[in-house]
Amino acid sequence: MKEQRVSNFNVANVLTVMRLILVPVFIVSFLEVSDGRLWLAWGVFAVAASTDKLDGHYARKYGLVTDFGKLADSIADKALIISGLILLSWHGYLWWWMTIVFIVRELGITLMRMFMVKKKVMAAGLGGKIKMVAQSFGIAGLILPWHTFLPEWLTEVLIGASYGLMGIALVFAVSSAVEYIIEARKINHEPEISTDHRTHL
């Protein structure tokens with residue numbers, strides 16, 4: 001029976017494309033710092049980040065996984081997170097060294113996984129997923145103008161918690177990168193299995 005091809009025009013891919021479109025909207029909204037612009041930037045970031053969970057859910061549940069979706073999802077994730085990190089550092093909300101470590105890790109591991117896919121697909125591990133969640137909540141927490149609706153002491157606590165999440169994300173960014181490198185080394189040292197299964201007489 002011929003396998004039915006999944007159309008690229010499906011709800012999962014629409015959500016992914018929407019996240020891609022929201023990235024430049026987020027960047028423009030966060031170019032200036034004011035209570036109104038911070039609320040706008042936070043709202044756009046929150047909506048964009050939430051679609052990451054939704055598109056993956058729909059793709060897996062309804063069998064809507066496509067090559068386009070895999071590529072676009074990865075690009076959208078990294079574009080959103082990296083733009084958030086750069087803008088936070090640009091406005092003095094996050095140390096540049098931390099942003100640089102995150103960016104080098106993201107781009108380096110992505111390139112390595114693309115190179116290794118010829119031999120074996122390196123699936124995202126638990127550490128990478130924890131990093132992504134901590135980054136998303138940490139960035140959102142640093143953007144949100146807590147002081148507009150909370151007392152000063154609670155604002156400071158929540159901002160501190162957001163920095164804590166970024167610290168957790170950094171730990172898992174480095175540890176998961178090490179895991180990927182170790183896995184890549186193991187794959188490179190694995191003997192290639194011949195695809196010729198003919199019996200030699």
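Trainee: R19 first. Buried or exposed?
Mentor: R19 counts as buried, because its relative accessibility is 0%. Buried means under 20% relative accessible area, exposed means over 50%, and partly exposed is in between (1.4 Å probe, protein chains only).

Trainee: And what kind of model is this?
Mentor: This is a predicted model, in which local features need pLDDT of at least 70 and side-chain atom pairs count only at pLDDT 80 or more, while totals for chains, interfaces and linings use all residues. Residues are numbered from 1 along each chain as its sequence is written, and side-chain values use heavy atoms, with hydrogens and water left out.

Trainee: Back to R19. Which side chain does R19 meet in a salt bridge?
Mentor: That of D52, at 3.5 Å from N to O. A salt bridge here is a side-chain nitrogen of Lys or Arg within 4 Å of a carboxyl oxygen of Asp or Glu. The pair links distant parts of the chain, with R19 in helix α1 and D52 in helix α2, 33 residues apart. Helices (H or I, at least four residues) and strands (E, at least two) are DSSP runs numbered from the N terminus.

Trainee: Is D52 buried, exposed or partly exposed?
Mentor: D52 has a relative accessible area of 22%, so D52 is partly exposed.

Trainee: How many salt bridges does the structure hold?
Mentor: It holds 6. K78, R105, E106 and K131 are linked in a network of them.

Trainee: What does E106 pair with in there?
Mentor: One partner is K78, with the closest N and O atoms 4.0 Å apart. That pair also links distant parts of the chain: E106 is in helix α4, K78 is in helix α3 (residues 67–90), and they are 28 residues apart. Another partner is R105, at 3.8 Å from N to O.

Trainee: Where do those side chains stand on burial?
Mentor: E106 is buried, because its relative accessible area is 6%. R105 is buried too. K78 is at 22% relative accessibility, so K78 counts as partly exposed.

Trainee: Ok, α1. How many residues does it have?
Mentor: Helix α1 (residues 11–29) has 19 residues and reaches 26 Å from its first C-alpha to its last, close to the 27 Å expected at 1.5 Å a residue. The expected span is 1.5 Å times one less than the number of residues.

Trainee: Where does α1 bend?
Mentor: At L22, by about 25 degrees, and a proline, P24, follows within four residues. The bend is the angle between axes fitted to the seven residues ending at a position and the seven starting there.

Trainee: Which residues of α1 are buried?
Mentor: Among them are A12, N13, L15, L22 and F26. N13 has a relative accessible area of 4%, so N13 is buried.

Trainee: Switching to aromatics. How many pairs?
Mentor: The structure holds 7 aromatic pairs. Rings of Phe, Tyr and Trp (its six-membered ring) pair if their centres lie within 6.5 Å; planes under 30 degrees apart are stacked, over 60 edge-to-face, and the rest tilted.

Trainee: What about W39 and F149?
Mentor: Their ring centres are 5.8 Å apart and the planes are at 45 degrees, so the pair is tilted. W39 lies in α2 (residues 35–61) and F149 in the loop between α5 (126–143) and α6 (152–189), so the pair ties together parts that are 110 residues apart in sequence. W39 is partly exposed because its relative accessibility is 36%, and F149 is partly exposed because its value is 45%. W39, W42, W146 and F149 form one aromatic cluster.

Trainee: Last one. Which residues form the nonpolar patch on the surface?
Mentor: W95, W97, V101, V174, V178 and I182, with about 550 Å² of accessible area together. α6 gives the most, with 3 residues. Patches are made of residues with over 30% relative accessible area and no salt bridge; like charges are joined within 9 Å, and nonpolar side chains (Val, Leu, Ile, Met, Phe, Trp, Tyr) within 5 Å. Accessible areas come from the Shrake-Rupley method with a 1.4 Å probe, and for residues only the protein chains shown count as cover.
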